[in-house]
Amino acid sequence: MGFWLVLLFTLLTCTNLSKSDPSDEACLTHLSQSLKDPTSSLQNWTKSNFANPCNGFTSYLPGATCNNGRIYKLSLTSLSLQGSLSPYLANCTNLQSLDLSSNQITGPIPADLQSLVNLAVLNLSSNRLEGEIPPQLAMCAYLNVIDLHDNFLSGQIPQQLGLLVRLSAFDVSNNKLSGPIPASLGNRSGTLPRFNATSFEGNKDLYGYPLPPMKAKGLSVLAIVGIGLGSGFASLVLSFTGVCIWLKVTEQKIALEEGKISSLMPDY
């Protein structure tokens with residue numbers, strides 16, 4: 001009797017581990033459709049494998065790692081992938097690490113990623129992502145790493161990201177970000193990890209500690225020098241013109257005086 005119970009429990013466990021999750025299937029299907037794979041690095045990313053991507057801790061998809069029958073890690077780095085990020089990534093609710101770095105992915109970062117409440121690592125660096133950093137990422141309370149360097153992201157760094165107390169690595173360098181660096185990220189207090197200037201540099205209009213303060217709005221040094229030189233030249237021209245006029249008037253006065261003197265002198 002005991003043997004049959006153990007056998008039944010084992011069969012039920014194995015069945016549960018091999019059972020696919022419909023959310024993972026939707027996540028993988030839409031991600032595959034939104035990405036372009038010019039080097040055919042994702043050949044095994046097929047519909048049949050999306051329906052059953054995991055067998056316990058074993059994954060049938062390159063770049064995917066499974067844990068208890070669910071996708072918990074996606075690492076598709078340096079594969080020359082193009083296209084955009086699917087909002088359906090949010091369906092991989094067991095995902096703890098998402099690394100799509102060093103590709104050619106364009107478009108915005110989906111705000112839907114806020115649904116990845118177990119996410120600890122987000123690395124989308126060295127792509128061509130545009131738009132603003134979604135403040136909704138602050139909903140991913142377990143985030144330890146946010147790496148977005150070398151993209152074309154614009155706008156301000158969301159203040160809300162400073163609420164991520166587990167954040168130990170943060171890099172938004174070499175983008176098109178602007179405005180002040182939130183003090184909750186640039187000047188963290190207490191035992192929270194601090195981020196130095198290298199995490200923010202390469203953004204022309206970004207300012208505040210640990211970067212230099214905002215530049216005073218006014219004329220540049222070159223403009224001031226140019227105005228000074230121009231004013232000096234104008235003054236020189238005016239002075240020279242005035243001297244010429246004075247000399248001319250003086251010459252005329254002398255000639256007039258000479259004429260008067262000549263008229264008074266007797267003829268011999």
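Start by selecting residues 121-123 and 145-147 in this predicted model. These are strand 9 and strand 11, which run parallel and pair over 3 bridges. Now click on leucine 122: its bridge partner in strand 11 is isoleucine 146. Strands of a sheet pair through backbone hydrogen bonds, in a parallel or an antiparallel way.

A disulfide is a covalent bond between the sulfur atoms of two cysteines.

Select cysteine 27 and cysteine 92 for one of these links, with an S to S distance of 2.1 Å. This link is left-handed, with -105 degrees about the S-S bond. Cysteine 27 sits in helix 2 and cysteine 92 in the loop between strand 6 and strand 7, 65 residues apart. Both cysteine 27 and cysteine 92 are buried.

Then move to cysteine 54 and cysteine 66, whose sulfur atoms are 1.9 Å apart. The torsion about their S-S bond is about -75 degrees, so this disulfide is left-handed. Cysteine 54 is in strand 2 and cysteine 66 in strand 4, so the bond ties together parts 12 residues apart in sequence. Are cysteine 54 and cysteine 66 buried or exposed? Both are buried.

Last stop: cysteine 140, which is buried with a relative accessible area of 1%.

Key: Residues are numbered from 1 along each chain as its sequence is written. This is a predicted model: local features need pLDDT of at least 70, side-chain atom pairs count only at pLDDT 80 or more; totals for chains, interfaces and linings use all residues. Side-chain values use heavy atoms; hydrogens and water are left out. Two strands pair if DSSP finds at least two bridges between them. Helices (H or I, at least four residues) and strands (E, at least two) are DSSP runs, numbered from the N terminus. A disulfide is a pair of cysteine sulfur atoms within 2.5 Å. Buried means under 20% relative accessible area, exposed over 50%, partly exposed in between (1.4 Å probe, protein chains only).
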